[in-house]
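Q: I would like to learn how to read the pockets, ring contacts and backbone details of a model such as this one. Could we go through them one feature at a time?

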Amino acid sequence: MKFATRLNSFASKPKAEWPDLSGKPTMLQMATRAAKVEGLTDLDLNYPDHVAENPALLARQIGDLGLAINGFAMRYYTNPAFKIGAFTNPDPAVRREAIDLTKKGIDATRAAGSNLMTLWLGQDGFDYAFQADYATLWQHEIDGIREVCAHDPDCLISIEYKPNEPRSYSLMPDAATTLLAIKDVDMPNLGVTLDFAHVLYADEQPAFAAALIARYSRVLGVHLNDGYAKRDDGLMVGAVHTQQTIELLRQIRKDGYEGAIYFDTFPDMTGLDPVHECEVNIQTVKRMLKVVDRLEQDNRLSGAIDRQDAVSAQAVIQELMLG
């Protein structure tokens with residue numbers, strides 16, 4: 001099983017790792033620290049933030065650390081104009097810049113030996129009533145996504161939705177709206193990345209969102225973390241919503257998900273030890289998958305689910321989780 005992680009997490013507590021460090025750690029310094037995590041197999045890199053001019057060399061350097069590149073994730077910060085939209089910017093030249101930057105990111109992804117590009121279009125949205133024509137925004141978004149999907153049909157393009165932040169309202173706020181966009185784009189290499197905290201933030205049940213996506217598209221990425229559903233907290237896996245996390249793992253296994261489990265957690269926000277934090281996340285997921293195995297072997301749960309008998313289902317789950 002592949003376990004990947006957010007590279008920027010490993011900038012946490014820098015003086016503990018690099019006592020003489022002046023400024024921020026480099027990408028390779030963070031990757032070297034991440035390689036200390038027992039059980040970690042992959043990294044996800046942000047483009048263009050983490051990517052040098054030679055992605056193939058970068059992949060070899062990460063490979064020398066004993067890790068692989070799971071995929072790249074686009075970040076639209078290079079142009080300040082992206083703050084009011086990347087694919088949906090009112091200026092055609094800025095839209096073109098965002099689309100072309102994404103194509104370069106896809107090329108870099110492929111050069112690094114991966115075939116997964118994650119799009120988090122957090123800048124594409126609005127903040128005020130009467131700020132934008134919604135039909136126009138939607139069409140720009142669809143056209144942009146379709147164009148980058150067509151750029152390399154062998155590269156998987158995965159939309160990571162989030163209700164808001166940095167924009168007050170995102171064009172891709174939830175599973176249903178994202179699935180509508182995927183239907184409009186109509187490209188076979190397009191799918192969805194489920195970020196657990198984003199799903200909670202969208203007031204969705206994670207396993208239900210996963211089931212809908214598997215029915216109408218496909219889950220291409222799973223970002224595990226946790227939170228209190230008020231914002232994107234980035235807490236450790238299972239820290240708040242243990243049962244919901246187990247249910248999601250059961251659902252994606254049932255639906256045939258074969259990608260990496262990626263930890264999108266924020267130990268750097270409160271100065272936690274990122275190596276220990278990631279190791280505990282991996283151990284937690286492995287324990288949860290053992291619970292999933294036990295649940296799948298227990299006919300009492302399947303029977304309770306068939307009857308929609310919540311009390312009996314909870315009894316089985318609590319017994320198998322807690323003894």
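Q: How much space lies in the second largest pocket, and which residues lie nearest its centre?

A: The model is a predicted one, and in it about 430 Å³ of space lies in the second largest pocket. Its lining is made up of 19 residues, and those nearest the centre are Glu-247, Arg-250, Leu-301, Ile-305 and Ile-317. Two or more lining residues come from each of α9 (242–254), α12 (299–307) and α13 (310–322), with α9 giving the most, namely 7 residues. By class, this lining holds 9 nonpolar, 6 polar and 4 charged residues.

Q: What does the lining of the largest pocket look like by class, and which element gives the most to it?

A: The largest pocket holds about 790 Å³ of space, and 33 residues line it, with Arg-6, Lys-162, Asp-232, Asp-264 and Phe-266 lying nearest its centre. The elements that contribute two or more residues to this lining are β2 (42–47) and α10 (267–270), and α10 gives the most, with 4 residues. Sorted by class, the lining has 13 charged, 12 nonpolar and 8 polar residues.

Q: How many aromatic pairs does a search of the whole structure find, and how should I read their geometry?

A: The search finds 6 aromatic pairs, and each is read from the distance between ring centres together with the angle between ring planes. Phe-3 and Phe-263 form a stacked pair, at 5.9 Å centre to centre and with 10° between the planes. Because Phe-3 belongs to strand β1 (residues 3–6) and Phe-263 to strand β10 (residues 261–263), the pair ties together parts that are 260 residues apart in sequence. Both Phe-3 and Phe-263 are buried. The rings of Phe-126 and Tyr-134 have centres 5.0 Å apart and planes at 55°, and the pair is therefore tilted. Phe-126 counts as buried at 15% relative accessibility, whereas Tyr-134, with a relative accessible area of 44%, is partly exposed. There is also one aromatic cluster formed by Tyr-76, Phe-82 and Phe-87.

Q: Which charged residue lies over the face of Trp-18?

A: Arg-33 lies over that ring face, at 5.2 Å from the ring centre of Trp-18.

Q: Where are there cis peptide bonds?

A: The angle to inspect is omega, and the bond from Tyr-47 to Pro-48 is cis, with omega near 5°. Pro-48 is placed in the loop between β2 and α3 (55–64). Another cis bond joins Glu-165 and Pro-166, where omega is about 10°, and Pro-166 lies in the loop between β6 (156–160) and β7 (169–170).

Definitions and conventions:
Residues numbered from 1 in each chain as written. Predicted model: local features only at pLDDT ≥ 70, side-chain atom pairs only at ≥ 80, totals over all residues. Heavy atoms only, no water. 1 Å grid on protein atoms, 1.4 Å probe; cavity = no way out; pocket = protein on both sides within 12 Å on 5 of 7 lines; lining within 4 Å. Points joined across faces, edges and corners; volume = space filled by probe spheres on them. Nonpolar A, V, L, I, M, F, W, Y, C, P; charged D, E, K, R; others polar. Phe/Tyr/Trp six-rings, centres within 6.5 Å; stacked < 30°, edge-to-face > 60°. Buried < 20%, exposed > 50% of the residue type's maximum accessible area, 1.4 Å probe, protein only. Lys NZ or Arg CZ within 6 Å of the ring centre and 35° of its normal.
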